[in-house]
Amino acid sequence: MYMKVGLFIPCYIDQFYPKVAIATLKLLEKVGCDVAYPLQQTCCGQPMANSGYEHLTGGCNDNFVSNFAGYDYIVSPSGSCTLHIKHHLHGTNETAATEIRSRIYELTEFLTDVLKISTLEATFPYRVGLHQSCHGQRGLHLAQMSELVAPPYSKPVQLLNLVKDLELIQLDRRDECCGFGGTFCVTEEAVSAKMGKDRVADHLRHGVHYITGVDVSCLMHMEGILKRANSNVQVKHIAEILTATV
Amino acid sequence: MNQLNLDHAHAAIEFNKNEPRVDWHDETLWFVRTKRDRAVAQLPEWEQLREAASQIKNHVLSNMHDLLAQFEENAKRNGITVHWATDGAEHNAIIHDLIQKAGATRMVKSKSMLTEECHLNDYLTRHGIEVIDSDLGERIVQMRKEPPSHIVLPAIHLTKADVGETFHEHLGTEKGATDPQYLTEAARQHLRETFLTRKVALTGVNFAIAETGGFVVCTNEGNADMGAHLADVHIAAMGFEKIIPRAEHLGVFLRLLARSATGQPITTFSSHFHRPRPGQEMHIVIVDNGRSRQLGRPDFRNSLKCIRCAACMNTCPVYRRSGGHSYHSAVAGPIGSILAPNLDMKLNADLPFASTLCGSCSNVCPVKIDIHDQLYKWRQVLMQEGYGPTSKTVSMKAMATVLESPRLYRMAGKVGRGVLRFAPVTVENRFNPWYNQREMPEPPAESFRDWYINNKKA
């Protein structure tokens, strides 16, 4: 099946974590997608919207629509930015915006639900902790939520289970927020940092080598805390692990 | 420092100065959350129960007028006197008047968050009426002249040692005592005297039933009964949203309430009051205090479905690490943050921002209020109505200008990375809140776009 995929790379990944974007591109190409990266893309507008300024996101919206109209699928290595587009993208061209809202996928849900990936050539011989980013989990339903009385499932875990030699640890609190929260991380710095420290401590208690997840924003926050504590534990976006070889 | 005079972020800074205490507070409330999880997991029909409760409450919100009128008619027929209060001031005046008519100067009160919302204790104290809160947690915070920090567990911010100290001061218990049995017994003896000598008792209302004109009060300590049965005058205060259509609906709500609140299958006492006993007066005060306004806001009306279980507080990772007082409002936590702006936008403009929008609150809510979506919507309303600081509006406008222009965005990105790489001191300093407890990300030489153009776009 030929499908044209538009790669949406959130602004902070483009600027600070290009390796995550490269891994995502390689992963999508490896599983047979024809991927294009529209060159005039910027930001989904979430930083303004979550701060109460959704009324200032019209420019970002129109830019997003002009970059991504016409693709069969739009895929992004971020649950949070994907959720924002899915819920809040509108535009001068509302028909195109509506189309985009229904065609955008976070990377792991695209791999499991659309491509139905059942094998992967990846090896990662380490103990790994999975951070369930809230917007991906509770917003996009990438995994079952601990608050509900409902059968368990997890799209990221389904993919990590395909990676050779990877040992996934169980956390004490399997889906507590890390405290990043967009501008919350600076406006509510005390609580944000404390939440991050507590989340990281849960992973460290279980002896992880790496913390992974579907959102680089959460990982960036936890990385900042790990580095401040001079920890050897590193963060890796799930795309980096799904493309890892020894 | 008194957290109540600060906005949420600054109150949270104060709270976080004692990290072991934050850990203790977090773990205590997380324990309640896990108890709730175990309790609800025993009901395979849990999610259907939530849905049923949500639909019943939606029906209530759409038929509020008729249900209240039906309730009033039936309550009157039962011999209950019904009073209507537009706001907190009216509520307080009605109750003051009833106490005076009873010739009393003292009143015993069992848990009612509505009276906190209306600041009844302050009002009555100023008018020479002594109020004794009879629930243990409420009594403790009352002695300390603090408001409750949690709507179900009012003294959850205090340790056994704190309580021991307070009781030593007010009840004359041994100094340094921390044994819960000993302290509870001291409170029991003190309150027993109160119950026996008060002529007027006030209780809250958990559910008022339109078809019967009766109401139900859920407690664990039985103090509502102790107060109401011994007093000549029983006053019950309720926000008008406490109405439910039929008695059979209690079968849904009573199963949800205690499991969500504390992980108990049901509260120890579910006391049904329908009519005064011979010789007793029974009054019910039905309060609006902004509820009609909230009912008229399409995006926020369903916050009135709340049954005050506090599950959203126990699960909230921010609440657990900032404490109830940081919300400077009678109802703290996520639900408080969507109720409080309706009461006063200016005073409570910070609260909808005291959240990461993680969504756990909406998932535990037994009546399925979309709490985190309403937090997002309140943020929009508050900033559009001008309750944000000017500096924030200016920086958001600048940010939008940069992010909507591919050219400016790329230039800003390049400059930003350059600054971080070659002059990190400009951001790695005490003026950068990120850097206070976290390292900055390591900036790469090229953006993904640069890499893509160099490597892929041939």
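Visitor: What makes β7(B) and β10(B) paired strands?

Guide: This is a predicted model. In it, 7 bridges join β7 (residues 233–239) of chain B to β10(B). Pairing needs at least two bridges, so these strands pair. They run parallel. One of the bridges links V233(B) to E281(B) in β10(B).

Visitor: How do you know that β1(B) pairs with β10(B)?

Guide: Count the bridges again. There are 5 between β1 (residues 81–85) of chain B and β10(B). At least two are required, so the strands pair. These two also run parallel. Look at V82(B): it stands opposite I284(B) in β10(B).

Visitor: Why is β10(B) called largely enclosed?

Guide: The strand covers residues 281–287 of chain B, and 6 of its 7 residues are buried. A buried residue has 20 or more other C-beta atoms within 10 Å of its own. Therefore β10(B) is largely enclosed by the rest of the structure.

Visitor: How many of the residues in chain B are buried?

Guide: Of its 458 residues, 47% are buried. Chain B holds 22 helices and 10 strands.

Visitor: What makes residues of chain A and chain B count as touching?

Guide: Their C-beta atoms must lie within 7 Å. By that test, 59 residues of chain A are in contact with 59 residues of chain B. On the chain A side, α12(A) gives the largest share, 7 residues.

Visitor: Which kinds of residue make up that side of chain A?

Guide: The side that touches chain B has 31 nonpolar, 17 polar and 11 charged residues.

Notes: Residues numbered from 1 in each chain as written. Chains lettered and ligands numbered in written order. Predicted model: local features only at pLDDT ≥ 70, side-chain atom pairs only at ≥ 80, totals over all residues. Contact = placed C-beta atoms within 7 Å. Helix = DSSP H or I, 4+ residues; strand = E, 2+ residues; numbered from the N terminus. Nonpolar A, V, L, I, M, F, W, Y, C, P; charged D, E, K, R; others polar. Buried ≥ 20, exposed ≤ 12 C-beta atoms within 10 Å, placed from the backbone.
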